[in-house]
Every structure is written in C-alpha cells, then in structure tokens.
Amino acid sequence: MPQVPNSHARKLPNKTRRTLLKAGIAGGVVLVLARWMVTSYSPRESAEGTRSALDPSARTIIAAIVPVLLEGAIPDVDTSVEARAEVVAGVDRAVAGLPPGSRKELEQLFALLSFAPTRCLLAGVWSSWPDASRESVAAFLASWRDSRFTLLVSGYGALHQLILAAWYGNARSWPAIGYPGPPSLEIG
Amino acid sequence: MAAASSRAAGSLDPFRIGLASGWKVIDASTLSQDLTLDADVVIVGTGAGGGTAAEILSDAGLLVVLIEEGPLATSSDFHMREAEAYSQLYQESSARKTKDKAINILQGRCVGGGTTVNWTSSFRTPAATLEHWAREFDLRGFGVADLEPWFARMEQRLGISPWLVAANENNSALRRGANVLGISSGEIQRNVKGCWNLGYCGMGCPTNAKQSMLVTTIPAALARGATLVTRARAWTIEHGNARATSVHCIGLDPGGTDPTARKITVHAPTFILSAGAIGSPALLIRSKAPDPHGTVGKRSFLHPTVVSAALMPDRVDGFAGAPQAIYSDHFLERPPDGPLGYKLEAPPLHPILVATTLPGHGVAHANWMRELAHMHVLIALMRDGFHARSPGGSVGLESDGSPVLDYRLDEFFWEGARRAFASMAEIQFAAGAKTVMSLHSTAASYSSWPAAKAGIAALALEPLQASVVSAHVMGGCPLGPDPKRAVIDPSGRHHHLENLYVFDGSLFPTSVGANPQLSIYGITAKLATELAVRLTPRRLG
C-alpha cells in the first residue's frame with residue numbers, strides 16, 4: 001500500500017521576487033527556443049497509413065519515458081516491448097485528436113527534449129534518448145514534476161496525462177488493476 | 001427490470017431510426033461545397049441550452065437550424081470505452097485546460113453537448129444562489145417561485161426524479177461517513193428513464209436511458225423539420241445597426257480537429273448562442289460584438305474541484321453503478337459571500353480518469369492504481385463567484401482565434417481547498433478508509449484522521465501542485481438589467497444586439513453552487529418560451 005510519509009512532503013521554496021524573475025526569464029527563453037526550433041507543422045503519414053501527429057524523435061522520447069513513468073504498471077518482461085509500442089501509438093492517437101494549438105505546444109515540448117543542448121540543460125539527460133539510463137529519465141521526470149518553473153511542471157503534466165491515458169485506456173492494463181472492463185449489454 | 005424490454009431498449013437507436021426517416025442532419029466534414037441556409041432561428045450549440053431552446057421554438061412553428069461543432073454520435077456509437085469516448089465526445093479530448101494548465105476542464109463537444117456525457121446529476125438552482133442574484137445583480141423574475149414551474153416542466157420532460165436503486169459503494173461511503181460525523185447528505189435526482197445502472201454515463205449512454213438532449217429535445221426539433229449541422233464551428237456573427245444578420249461557420253475535418261475550406265453561412269432574423277461558457281463568449285469576442293463595458297467573457301466560473309482518494313478495506317468498484325447518487329451540501333450551508341463553500345460528491349472511477357488525476361508516476365502511482373477496485377474518491381466543488389475575492393476567470397482568444405480561459409487560483413481559493421481536503425479526508429476515515437491521499441503533487445497519504453489533519457494543514461497549495469479539475473463551466477455572458485455589469489438582459493437578449501440571445505451556462509452571474517444542467521434547462525425553458533411568444537404572437541397569443 002502506498003505510504004508516503006509526511007516528512008517527504010516537498011517544501012516549495014519561498015518564491016522571492018528574484019526567483020520569480022528568474023523563472024519568468026527562463027520560461028521566456030525556453031518558449032522562444034522552442035518556437036524557433038519548431039518551424040512548421042504538418043500531419044505525417046505513419047507506416048500504417050493513418051495520420052500520425054508525432055515525428056520519429058518524439059516517438060523515441062516517449063518510448064524512453066514509458067518504462068520509467070509506468071514502472072510497476074507496465075510488464076517488465078519480454079512482452080513489454082509490444083505493450084510499450086502500444087503506449088507510444090496510443091499517445092500518437094491522442095495527440096492527433098487534439099486541436100492544432102495543443103498539438104503545436106506538444107511539438108514545442110518534444111522539440112525541446114530532442115534538441116541535444118536543451119535536452120541536457122532542461123532535462124538533465126546527457127545521452128540520446130534511446131541510450132538514456134532509467135536513472136537519468138527518472139531524475140528528469142522528478143525534476144520537472146518538482147520544478148519551480150511552471151513551464152516545466154506543465155510539461156511534466158502533459159507527459160503524465162498522455163502516457164497514463166494511453167496505458168490505462170488499453171485493455172492490457174486492466175487485469176492488474178482489477179478493472180473488469182465495460183459490461184456486456186447482452187443479457188442471458 | 002424486465003430483461004426483454006431492457007434488451008430491446010439496448011438494441012434500439014432511435015436517432016438512427018429518425019435519420020432513416022429523413023431528419024435533416026448535415027455533417028459539414030463531408031461537404032463538397034459551401035453551404036448557405038435560411039432559418040427563423042439559428043441556434044449555435046446543442047447542449048442543455050441549445051437543445052431545450054430548439055424543442056420549444058420548433059414547437060412554436062419556427063424553422064430552426066442548429067449548429068454543432070462536435071460530431072453526431074448516438075447510442076450505437078457508445079461502447080463504454082474511455083479511450084474512444086474522451087477523444088470523440090469531449091472538448092480537446094477531455095484535456096482542455098485553463099491558460100496556465102492548472103485546471104483540467106471536462107466539457108462535452110458532440111450533439112447534445114455536456115448532456116450527452118454528464119453524470120446525470122440534477123439539482124434545481126439553489127435558493128441561496130437565486131437570492132444572491134436578486135440582491136447583488138438586481139435580477140428580477142428569477143426567484144424560487146418564478147422558476148418553480150419551469151423546473152417542474154423540465155423535470156417532467158427529462159424524467160428527472162429520485163433514484164430509487166441502491167447507491168454504489170463509492171456514493172454510499174460518502175453518506176456513511178457523513179452520518180458518522182453528523183454531516184447532512186442527500187440523494188441526487190437523475191435524468192434517466194429505465195436506467196441499467198451501468199455507470200458509464202460519462203462515455204455516452206449506450207441504452208438511451210439518460211434523457212440527454214440527444215434523445216429528447218433534439219429529436220423532437222428534428223421531427224418538426226429543424227436542420228442540424230454537425231462538425232461546423234460557428235466562427236463569427238455578422239452584425240450591423242445593433243442587429244445580427246448571419247452566422248459564419250467553418251467546416252471541420254472528419255477528425256473534428258482542423259478546419260476545412262468549407263464555409264457554412266446561416267441567415268436568420270433571430271440568433272441564439274448556446275455554445276457553452278467558453279464557446280459563447282469567444283464567439284462574441286471573435287465577432288467584435290459591441291462590448292462597451294468590457295463585460296464579455298469576464299466572470300467565468302468553474303466550480304474548481306479538488307479530489308481526495310482513499311483505500312477501503314472492502315471492494316468499492318467505483319467504476320460500476322450510477323456515478324453520482326449521494327451529495328452533501330453541509331459545507332454550502334453558510335452565507336455564500338463568505339469564505340468559499342463547497343459541495344461534496346463522488347465521481348465515477350474509470351481507469352483513465354483516475355490514472356490521469358492521481359499525482360506522480362512510477363511505482364507509487366502504480367500501487368494506487370492496483371487498488372482501483374478498493375478506491376474511494378470524493379470531490380469538492382468550490383462555489384466560486386459569490387465573494388469579491390472570487391471574481392472568476394476570463395475568456396480570451398489565442399492567436400488562431402481559438403478560445404482560452406484564464407482562471408487564477410489564488411489564496412482565497414486555496415484556503416477553501418484546504419478546508420475541503422480536510423472535510424473529505426475526515427468523512428473518508430469515518431466511512432472506514434485505511435488510507436487517504438489528498439490529490440497533490442507530493443502524493444502524501446495519511447493513515448489516520450489526525451495525521452491527515454496535520455498533513456493537509458502543511459500542504460503547499462498552489463497551481464499545478466494540487467490536482468484541480470472542473471466539469472462545470474459557467475458565466476462569461478451574465479444575465480442582468482445593468483449593461484455595465486451584464487452582457488444579456490433578463491429576457492436573455494444581448495444588451496446591444498436586439499435579435500441575439502444567449503441561452504446556456506454562460507448566462508449565470510456567479511457559479512450555480514450545484515451541477516448546472518437543470519439550472520440551464522429551467523432558465524432556458526422560461527426564456528425560450530417567452531421568446532417564442534414574442535416571435536409568434538398570432539400563433540401563440
């Protein structure tokens with residue numbers, strides 16, 4: 001049963017005027033960088049011929065994050081390769097269903113995470129995503145979740161929502177959580 | 001319930017039968033050329049306001065055109081799968097957010113709007129709310145006695161009545177814990193007929209038991225010759241000389257996300273905006289409708305909602321059974337213009353909804369998810385908009401013209417949220433919980449009420465740290481006699497455009513303090529009936 005002692009409750013640093021100012025500047029720089037990196041958007045055709053919202057680098061990033069974000073939830077055995085691929089595909093489908101403005105924001109997020117200098121600087125991940133260790137991905141997720149920069153916290157929020165929805169919307173996840181799935185409408 | 005009749009109800013899709021009989025429904029994503037329509041009344045939006053108005057005005061003999069941004073999905077399309085339903089039936093795949101991303105907004109976007117996906121809770125507008133509107137906004141004609149016949153009429157129309165089936169455990173535990181503590185609770189009335197008690201109201205009712213606009217007023221209007229255009233986004237209202245002249249819409253692609261080159265124009269002498277409390281103000285702003293006092297899109301309310309999860313020794317199975325059956329207004333029984341009060345309810349507990357709302361990730365998150373069947377969850381809906389320090393948010397436009405709601409969660413809100421976390425934890429422990437977690441980024445959980453009380457008192461509450469959600473968007477085009485403070489007059493008519501009306505959740509001067517569907521139905525029934533009389537004096541007078 002999950003028990004997080006209260007002493008672990010993170011104390012947010014006092015937001016002095018100075019740190020707020022710093023956050024504002026950092027946030028602005030990050031946004032400008034992201035917009036500069038994202039030049040244009042157009043829906044892509046995936047191998048299956050369906051509309052794909054994510055470019056290959058975004059898919060690589062999600063594939064690297066999934067085993068850490070879903071640790072303890074997604075099977076950690078050989079069958080997990082398929083499950084992980086399904087989560088990436090689920091995220092792709094979800095992003096494709098978002099309005100253009102939201103897709104653009106996510107594209108900026110993934111551009112920041114794939115561009116090596118910002119990957120190192122903002123995510124603290126020093127190797128390319130496929131080579132990133134679990135530890136470095138875990139440290140990245142924790143640092144964004146606990147960041148005092150709202151831009152990074154909301155970036156964490158987007159990854160959290162997309163990946164968890166893709167996994168728990170997949171019937172493969174249901175037996176482990178005791179969810180029987182939708183009832184049948186057939187009687188008798 | 002009789003198995004034979006239930007099976008028949010499940011296999012029938014009255015909307016598809018109606019389509020086959022010749023109802024005029026146009027999917028704008030399939031148009032090969034632009035479309036121009038003429039109507040007596042054009043209604044933008046098909047939710048609680050638009051649907052109710054469509055039936056009343058069609059019944060009065062008026063030719064109605066309904067514009068809907070979302071798709072037409074009917075009972076045959078409702079498979080009780082979150083992954084499918086959220087992307088198909090909700091705004092922004094159910095991930096719509098406020099500007100700073102601190103509040104996730106669940107808002108329907110489909111034929112029937114929120115009524116197709118809501119959890120069926122039906123409350124008349126609370127007396128304290130109506131009294132506040134009369135006192136603070138000088139609103140006459142909206143007292144308890146004035147609205148009584150309209151609520152009664154819509155309750156009759158939509159089968160709103162006490163729910164006689166035993167509440168599921170997620171709801172029963174709320175009542176049990178409240179009883180232990182001497183906190184009042186009540187049973188929620190629901191707009192259902194022959195409900196199977198499945199628990200999937202939020203994904204579209206597969207058995208047509210929920211009396212949403214999709215199965216009641218919209219079919220009635222279509223049967224009287226109304227035209228429904230789906231996947232068409234009303235973009236601007238053309239106006240001049242204090243009158244609206246036409247509404248210009250853009251077609252959406254089959255995925256429902258991106259505009260196509262198709263234009264749909266509707267000319268009419270009368271316009272009704274029922275696009276919801278984000279959509280209606282945004283349409284007025286895009287249209288540059290007269291707004292001399294800067295009131296449009298201001299005072300937008302959300303009932304910002306905080307969440308408390310608990311683990312119970314016995315199974316809860318919160319994914320099954322009527323999602324909302326029990327409520328407590330104990331913490332609303334205080335002057336509405338004091339510190340924030342809140343309504344307590346229980347939500348349905350399906351995997352995506354729970355997983356995306358629980359904080360954190362990895363093993364700790366997975367451990368909570370593994371307990372889904374034992375999980376008990378309470379929500380506290382904050383009654384915003386009654387106090388000077390609760391001014392609500394404001395609707396504005398992104399650079400591409402899409403709407404965005406800016407809603408600041410400030411100290412006044414967090415003070416109420418902290419009390420709400422404590423109230424929920426105390427009730428959950430009283431109901432037998434072994435562990436309670438206030439949904440917050442620290443994911444701190446408590447094993448006793450004293451521990452929870454101390455922990456909640458120390459929680460760092462600020463935007464993006466606590467999980468805050470909303471399923472009730474209200475305000476932005478408030479109703480009132482004073483054009484300096486209100487967008488529409490007490491007849492529902494725009495203060496500066498004499499043939500444009502707003503009938504939806506955006507007309508509330510504050511939040512409702514209760515799930516808003518019946519407030520929208522009742523007030524729209526009153527305003528639309530008065531409008532029908534004015535538009536058809538010979539026929540009705």
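This is a predicted model: local features need pLDDT of at least 70, side-chain atom pairs count only at pLDDT 80 or more; totals for chains, interfaces and linings use all residues.
**Exercise 1.** Work out how the radius of gyration of chain B compares with the globule rule.

*Solution.* Start with the make-up of the chain: chain B holds 16 helices and 27 strands. Its radius of gyration is 22 Å, close to the 24 Å that the globule rule gives for 541 residues, so chain B is as compact as a globular protein of that length. Next, look at the extent: the C-alpha trace spans about 65 × 55 × 45 Å along its principal axes. Finally, check the interior: 63% of the 541 residues are buried.

**Exercise 2.** Find the strand order of the open sheet of 6 strands in chain B, then its edges.

*Solution.* Reading across, the order is β1-β11-β4-β3-β15-β27, with parallel pairing. β1 (24-27) and β27 (500-502) each have a single partner strand, so one side of each is left without a neighbour in the sheet. Neighbouring strands are turned by 15° against each other on average, direction ignored. Now zoom in on one pair: β3 (residues 41-44) and β4 (residues 64-67) are joined over 4 bridges, and Ile43(B) sits opposite Leu66(B).

**Exercise 3.** Describe the side of chain B that touches chain A.

*Solution.* Count first: 52 residues of chain B are in contact with 45 residues of chain A. Last, sort by type: 24 nonpolar, 18 polar and 10 charged.

Conventions. Residues are numbered from 1 along each chain as its sequence is written. Chains are lettered from A and ligands numbered from 1 in the order in which they are written. Two residues are in contact if their C-beta atoms, placed from the backbone, lie within 7 Å. Ala, Val, Leu, Ile, Met, Phe, Trp, Tyr, Cys and Pro count as nonpolar, Asp, Glu, Lys and Arg as charged, and the others, Gly among them, as polar. Helices (H or I, at least four residues) and strands (E, at least two) are DSSP runs, numbered from the N terminus. The radius of gyration is taken over C-alpha atoms; the globule rule is 2.2 Å times the number of residues to the power 0.38. A residue is buried if 20 or more other C-beta atoms lie within 10 Å of its own, exposed if 12 or fewer, and partly exposed in between; C-beta atoms are placed from the backbone. Two strands pair if DSSP finds at least two bridges between them. Axes are lines fitted to C-alpha atoms, for helices over the stretch in contact, and angles run from 0 to 180 degrees between N-to-C directions.
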